Amino acid sequence: MGRATVEEQTGTIGASEVAGNFERINWGPVPNSYHDLGTDLLVQARDARLFDRGLLVGVQVKGGPSFFKEAEMDPETGEVIGWWYREGGVHHFEDWVCHDLPHLLVLHDLDTRVSYWKHVTSDQVVTTGKGAKILVPRSQTIDKGHIDDLLEVAASRRARISHEGSLWAQGADAISPARRLRYALIASRIIAPHRNAGHEQAITSLEAISLLAEGRIRDLDIFTDKHGSVPSPSECLTSRDWLWKFYGALHLALVDQDTSHVQERVSDAHSHEHRSAACIASVCLLMDAEEHEKANELLREEIDRDDASPIDFAWLLAQRGRLRAEMGDVDGARGDAARAQRELIGESGDITATAVKAAATSLLFDTAPWGNKNLKESAAANDTTISWWRSRSTATGLSEFFDDSFREWAGGGSRLTKFEDIANNRLFSARLNADLVGEHGVWRSLSSLSARHTLMDGIGANDDSRSAVAINDLRRCGDAGAFEKALARIRRTGPLAVLRDVPAQIEAHGWTHTTARSNLAFWEVCGDLLDADQSDWAVQYCLDILEDGDAFSKRINPTFRINHYVPRAISSLLSSCSDEIHRHVVSFLANSLPVTDVMTASAYGRVIAGLRLTAMDDQMAQQNLKHAHEVQQHPKINFPVARVLASANEEYKGRLLSAISSGNIDALIALQDLSELDSAAAAASSKLLKGKLEKIIQDAQQGSHSLYELDAGGCLALISALHPEIAEWELIERFMIDEKIPADAKRQTFISVAHYASALPQDVKEKMRDIAASVSPGNPVDPLFGPPVGAVPVFLLAVTGGISGDALDSVLAQLLVGSVQERCDAAAIMSILRKPDYALTLAVLLKDADAYVRISAAGALATWAAESDDQPNPVISQGFERALKLASTGFQVALAIANAVAHSSASSDTTARLLQPLQEHPSAIVRERVSAALAKGS
């Protein structure tokens with residue numbers, strides 16, 4: 001009988017035991033004994049959940065002690081880190097490196113039965129002159145701990161599918177059946193018929209879903225009208241075909257905002273791929289509705305089924321990771337994202353898989369600590385086919401919007417009759433795509449673009465309902481900067497009805513990482529527009545945050561400073577709160593720990609400044625204020641508290657004035673009304689302000705300009721006018737004529753001097769007249785910060801007798817065609833001089849293109865109407881009625897009217913008649929000003 005050699009026996013045992021080790025990790029080894037030319041085994045790769053990944057790995061086995069003779073040692077520890085495998089030639093290495101399958105070289109220890117492996121690649125092979133060698137590391141063994149690493153090797157040679165040229169049509173037939181619905185949703189271009197292909201052939205359910213995902217609603221309507229086989233969305237709900245039912249439910253949700261049917265498609269789906277897609281769609285809709293707990297539960301149930309294909313399973317994980325990050329579970333989010341990445345190993349040929357992987361990678365990048373962010377990995381992962389196509393949709397939408405804007409600017413008509421709102425639909429499509437893929441950061445950015453476009457379009461078309469949806473979308477996407485700008489604009493000029501539902505939305509839904517900052521921004525900008533119950537709830541919510549900031553931070557993971565933005569929100573909300581909440585805020589301030597940092601103290605100071613003085617009459621409130629004054633020693637808090645106490649307690653007013661007398665700038669800022677300064681405090685303030693003004697002048701000579709809490713020039717002018725014995729007119733004059741000081745820094749100084757012009761000494765008045773003439777609009781100074789100097793020099797010139805009659809009319813005419821600031825100032829000047837011819841001009845300015853000019857004109861008309869009641873002017877009366885209409889929809893015009901009438905010398909009857917329409921205004925600030933004016937008049 002024949003006898004086997006030792007080498008043959010050793011090799012056979014090694015190959016068998018290596019195959020066994022692969023089987024222990026659930027991979028499928030197949031011996032390659034018939035055609036072994038350097039490959040002992042062909043191994044089918046499977047993941048940790050036993051899904052076959054359609055990947056093969058070639059394995060060459062070397063077993064026995066002879067292959068472990070050449071060890072590589074760690075130079076520091078002396079421990080073995082691996083073993084060198086050598087060959088006298090290079091042909092085997094060449095075959096392994098160039099083979100179409102990735103190859104592993106395995107060194108197998110027959111005694112321990114441990115298999116050590118190395119992926120043979122060109123950069124790992126070391127040439128020796130005669131042959132080549134490669135180091136097989138001790139750390140890489142065939143076991144369950146290295147499945148992911150082995151999968152990476154198995155996937156390293158799978159070819160990508162090119163999608164270049166797929167714009168016209170590829171169709172669902174090019175995609176494997178189990179993947180078609182996922183492609184229809186997030187790679188819709190592959191399946192949707194091209195626009196230019198026409199509508200003659202009826203579409204399938206998958207094509208209908210793709211068209212919906214692309215926002216091509218008009219095409220869907222045409223197909224439905226043209227072909228009886230294409231059901232309407234409502235008809236789809238009773239179809240026997242699940243895909244048509246899914247299309248109908250999704251159409252009703254996305255187009256008609258009826259989301260009640262999509263989740264039903266999860267429970268009645270017949271396959272795991274359909275159920276996964278329906279689950280993802282439902283989760284996106286639930287997140288849009290801020291129903292995060294429901295979305296989380298739905299995802300949990302689907303993931304726990306554990307029957308989804310690897311890509312669909314990764315899709316579910318990526319969405320849950322996104323959701324967990326929103327809910328503050330950062331560790332859970334990162335775990336899901338990392339697991340999703342592992343599930344997608346070997347799926348680089350599927351563009352939906354690379355899109356999901358990009359979402360998971362982005363989530364890991366966004367949630368990583370700053371020092372651990374891998375920008376290279378994130379940028380590379382997000383450079384995908386789906387992102388390119390999404391960018392094209394975005395660019396098309398923005399290009400269409402730009403064309404419309406340019407056409408309006410060029411005078412080609414603000415609107416054309418269009419069969420489709422391309423800008424809206426393309427931005428909708430791009431946003432929906434990012435939402436379905438799970439790329440949360442991209443979704444936020446595209447949602448902001450879409451919401452801003454819709455908001456501008458809705459406001460322009462006077463469509464309040466559409467604008468209301470857009471403003472809430474802008475809040476939900478977390479673009480706090482754009483949201484604040486939009487809120488300020490709508491609050492300023494209206495329509496305030498657009499903001500009516502936002503408070504209820506904030507109150508009804510749990511806060512997330514994305515919405516938290518925007519929610520606070522709404523309260524800060526529009527706190528006065530809430531009703532008492534809403535604002536009481538909001539302030540209590542804010543106080544709860546401040547009292548347990550750690551819990552809020554853990555849940556929201558905010559990227560903003562809580563102790564800065566939360567108090568700012570409270571300060572705005574206080575105007576519409578009940579007195580009880582005001583007293584509750586005081587109790588909180590008294591019992592909170594002493595504040596030491598400037599930013600938090602300044603924010604708390606704003607809260608104190610917003611307290612309603614009438615609510616502080618309560619004995620407990622007074623005790624809490626006194627306690628806060630003693631405990632909170634930071635000047636940004638201590639002095640504002642003293643100011644509140646001073647309204648009812650002369651002792652604290654004395655303390656405040658004493659602090660001012662000692663030169664404390666924070667005390668001066670807290671006082672607010674400089675007319676309350678006594679002689680000692682005025683002298684100290686004058687000295688303090690003089691130093692600051694001299695510093696401003698000195699810095700300006702050196703090209704340095706700073707922002708200050710207090711307008712030194714304006715305040716010093718005011719004190720000089722009220723206390724002539726300590727006047728610093730020479731310094732003020734020097735400040736006003738210094739050409740190196742920005743014009744906007746002088747504006748308030750001009751206004752202060754003009755208001756007290758009648759009380760100025762004659763020589764000072766003449767000097768001021770000359771200064772005003774030298775910086776008239778004919779000699780403009782470019783502003784560096786804030787508003788320009790505008791026409792206040794003309795105002796000062798007029799009140800000091802430097803210009804009048806036709807000359808003044810000529811200058812006003814120039815101002816009325818000048819800048820926004822000049823037109824605003826012109827309105828103010830005309831209201832003070834009240835020349836009959838000016839009445840019609842003010843009425844016309846109510847139609848000015850700029851809101852600030854309309855506001856200024858409304859205030860001017862209100863002043864004129866209030867102070868000329870004994871000589872009624874029909875133009876003024878009609879103009880005032882028009883101003884009241886503007887006031888009914890916005891805040892700023894209403895406030896301008898209320899302030900103008902309140903500061904006028906009108907009789908109580910006139911005040912009541914003029915302000916009666918504003919008594920029920922949506923803004924608590926306006927209502928309070930009206931009430932104060934009526935009380936003053938009575």
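A salt bridge here is a side-chain nitrogen of Lys or Arg within 4 Å of a carboxyl oxygen of Asp or Glu. By that criterion, a search of the whole structure finds 53 salt bridges. Please keep in mind that this is a predicted model, in which local features need pLDDT of at least 70 and side-chain atom pairs count only at pLDDT 80 or more, while totals for chains, interfaces and linings use all residues. Residues are numbered from 1 along each chain as its sequence is written, and side-chain values use heavy atoms, with hydrogens and water left out.

**View A. Arginine 195 pairs with aspartate 219 in a salt bridge.** The closest N and O atoms are 3.4 Å apart. The pair links distant parts of the chain, 24 residues apart: arginine 195 sits in the loop between α5 (188–191) and α6 (205–213), and aspartate 219 in helix α7 (residues 217–226). Helices (H or I, at least four residues) and strands (E, at least two) are DSSP runs, numbered from the N terminus. Aspartate 219 is buried at 2% relative accessibility, whereas arginine 195 is partly exposed at 32%. For these words, buried means under 20% relative accessible area, exposed over 50%, and partly exposed in between (1.4 Å probe, protein chains only).

**View B. Arginine 452 and aspartate 479 meet through their side chains in a salt bridge.** The N to O distance is 4.0 Å. Arginine 452 belongs to helix α19 (residues 440–460) and aspartate 479 to the loop between α20 (464–476) and α21 (480–493), so the pair ties together parts that are 27 residues apart in sequence. Arginine 452 is partly exposed, with a relative accessible area of 34%, and aspartate 479 is partly exposed at 24%.

**View C. Glutamate 630 forms a salt bridge with arginine 655.** Their closest N and O atoms are 3.4 Å apart. This pair links distant parts of the chain, with glutamate 630 in helix α29 (residues 619–631) and arginine 655 in helix α31 (residues 650–661), 25 residues apart. Glutamate 630 is partly exposed at 44% relative accessibility.

**View D. A network of salt bridges links Asp47, Arg53, Arg179, Arg182, Asp312, Glu347 and Asp350.** As background, side chains of opposite charge can pair when their charged atoms come close.

**View E. Helix α42 (residues 851–867) packs with helix α44 (residues 892–902).** The angle is about 30° and the axes are 8 Å apart. That makes α42 roughly parallel to α44, a label for angles under 35 degrees. Axes are lines fitted to C-alpha atoms, for helices over the stretch in contact, and angles run from 0 to 180 degrees between N-to-C directions.

**View F. Lysine 847 lies in the loop between α41 (838–845) and α42.** At 66% relative accessibility, lysine 847 is exposed. Lysine 847 and alanine 857 are 10 residues apart in sequence and 9.4 Å apart in space, C-alpha to C-alpha.

Technical notes: Angles under 35 degrees count as roughly parallel, over 145 as roughly antiparallel, 65 to 115 as roughly perpendicular and the rest as oblique.
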